[in-house]
Amino acid sequence: MNIFQLALMLGNVVRRGCLGLVTGGGPSGAATTRSPGNFAARRRCFRTATSVSGPSLSSAVQSDHTMNVSPPECLKKPLTVPSKLLMGPGPSNSPLRVHYAMMKPLLGHLHPEFCQIMDEVKEGLRYIFQTKAKVVCCVSGTGHAGMETTMCNLLEPGDGILIAQNGIWGERAADMARRHDASVSLLEKPAGEVFTLEELEAGLKKHTPAVLFVVQGESSTGALQPLQGVGALCRKYNAILAVDAVASLGGVPFYMDDWQIDVVYTGTQKVISAPPSLAPIAFGDRAMAKVHARTIPVRSFYADMTWLANYWGCDDQPRKYHHTGPVSSVYALREGLAIVCEEGLESLWKRHMACAQKLWDGLAALGLEMFISDASKRTPTVNTIRVPDGVDWTKVVKYFMSKYLVEISGGLGPSAGKVWRVGLMGYNCTPENVDLVLRIMKEALGNVKGHSSQL
Ligand code: PMP
């Protein structure tokens with residue numbers, strides 16, 4: 001028996017015994033399929049279908065070949081996950097509402113109900129980005145996918161890109177841009193510093209790039225790049241302005257349209273407090289015009305903005321299958337955005353600033369210094385604390401985790417070994433969590449050998 005005969009035979013079994021159960025079979029079917037008893041019936045049906053193996057069926061699914069790999073022992077145990085408080089630079093914890101949203105039934109990735117949910121997500125994203133741009137959607141992937149999508153759509157071989165680099169995310173952007181054969185120029189500042197409008201203008205004048213890339217919240221250093229005025233400069237020098245707002249969006253003011261930002265992307269697992277899985281992204285008209293004027297196709301099919309825009313219903317064309325959208329993650333994002341909308345952005349920004357200020361004051365009272373001395377240059381979302389001389393930063397991080405199941409993290413890139421990073425983002429950004437971090441920090445420093453603090 002060949003594979004088609006097998007399929008036919010299985011089909012007959014299903015039609016004979018189980019069709020109504022599997023498909024819902026008729027007007028009353030939808031209700032019946034949902035009843036618990038019916039799930040049992042479905043299971044029975046599955047068993048029946050798989051146990052009708054006559055000689056010919058078994059010859060198709062069995063062989064005398066021995067299996068090289070057995071089902072692993074570890075998967076016989078139930079999944080166990082500790083409940084940790086994630087106070088590092090991300091992901092942050094998700095509220096139960098977001099977890100519950102992911103338990104809703106799966107839909108097909110082009111079902112009208114799912115398209116409706118995608119449209120609602122787009123509205124939420126327009127609010128959080130403060131934009132009326134048409135092309136607002138998500139890349140299926142994390143923040144890096146947003147960065148990759150930005151680079152591969154905006155850049156053609158030889159295109160100039162100027163990267164304002166003051167931490168690891170500028171480095172990553174430069175790496176990605178080079179992979180797309182762009183001509184990369186760097187505007188560099190030491191870790192923890194930010195760029196003035198004059199410095200950015202001098203860079204634009206000197207390099208005349210097609211794209212300027214800046215990071216709003218440099219989570220490796222805790223720096224907050226001011227963006228007001230940068231968009232106007234980019235228009236003056238005919239450059240597209242692309243902004244990484246992964247670690248900052250929702251925690252600090254961001255006005256895509258008013259600040260004339262052409263491209264912005266973020267991640268779901270920071271202030272939005274949904275699990276990591278999607279990179280919300282917006283391409284304004286100037287950015288889309290650059291994409292449409294490309295002389296060669298975008299080198300990544302998956303990240304091609306014209307395809308993504310179509311799948312997300314942003315181009316007035318019927319939606320086509322591009323990829324299978326991560327359905328449950330989109331539900332989670334919708335719920336995270338609904339929570340943002342309920343609180344309102346202005347209140348969210350104030351909450352982040354108030355909690356960060358409380359943290360900074362508390363750390364100062366413990367005799368600790370912030371990595372960035374000028375408070376106006378700090379993002380409230382990822383706070384970098386200088387590791388005092390003589391303290392092993394890893395021991396403090398381990399103390400938080402082993403005793404309290406609380407995550408804080410060490411530095412990254414240029415701040416590695418020099419700082420602790422404490423995230424205050426979305427659901428986790430509360431005065432109670434700030435108090436907890438301060439209490440554990442005090443205790444940890446007292447317990448870490450070799451630290452002679454004023455505690
Ligand atoms: N940009 C910034 C500023 C970030 O903080 C991060 C994540 N820490 C990323 C990009 C990359 O995001 P992801 O890890 O979700 O890919």
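Predicted model: local features only at pLDDT ≥ 70, side-chain atom pairs only at ≥ 80, totals over all residues.
Of its 455 residues, 50% are buried. Contacts between residues at least 6 apart in sequence join, in 71% of cases, residues at least 24 apart. The accessible surface of the chain amounts to about 21,600 Å², and carbon and sulfur atoms contribute 57% of this area.

The ligand is surrounded by T142, G143, H144, W169, G217, S219, D244, V246, A247, Q269 and K270. By class, this shell comprises 3 nonpolar, 6 polar and 2 charged residues. Three of the surrounding side chains are considered in turn. For S219, a side-chain N or O atom is 2.5 Å from an oxygen atom of the ligand. For Q269, a polar side-chain atom lies 2.7 Å from a ligand oxygen atom. On its own the ligand has 390 Å² of accessible area, of which the protein covers 88%.

W169, a member of the ligand shell, is also one of the buried residues of helix α8. This helix runs over residues 168–179. The buried positions of α8 are I168, W169, G170, A173, A174, M176 and A177. An α-helix has 3.6 residues a turn, so residues three or four places apart point the same way. Cover for the buried residues of α8 comes from elements including α7 (143–154), β3 (160–165), β4 (183–188), β5 (211–215), β6 (217–218) and β8 (240–244). Just after the helix, D181 adopts a positive phi of about 60°.

S273 is located in the loop between β9 (263–265) and β10 (278–283). Its relative accessible area is 2%, and since the limit for a buried residue is under 20%, S273 is classed as buried. Leaving aside residues up to four places away in sequence, S273 touches S92, N93, S94, P95, V98, T268, M425, G426 and Y427.

Key:
Residues numbered from 1 in each chain as written. Heavy atoms only, no water. Near = heavy atom within 4 Å. Polar contact = N/O pair within 3.5 Å; in protein donor to acceptor, adjacent residues only side chain to side chain. Areas by Shrake-Rupley, 256 points an atom, 1.4 Å probe, with all protein chains shown as cover. Nonpolar A, V, L, I, M, F, W, Y, C, P; charged D, E, K, R; others polar. Helix = DSSP H or I, 4+ residues; strand = E, 2+ residues; numbered from the N terminus. Buried < 20%, exposed > 50% of the residue type's maximum accessible area, 1.4 Å probe, protein only. Contact = heavy atoms within 4.5 Å. Expected span 1.5 Å × (residues − 1).
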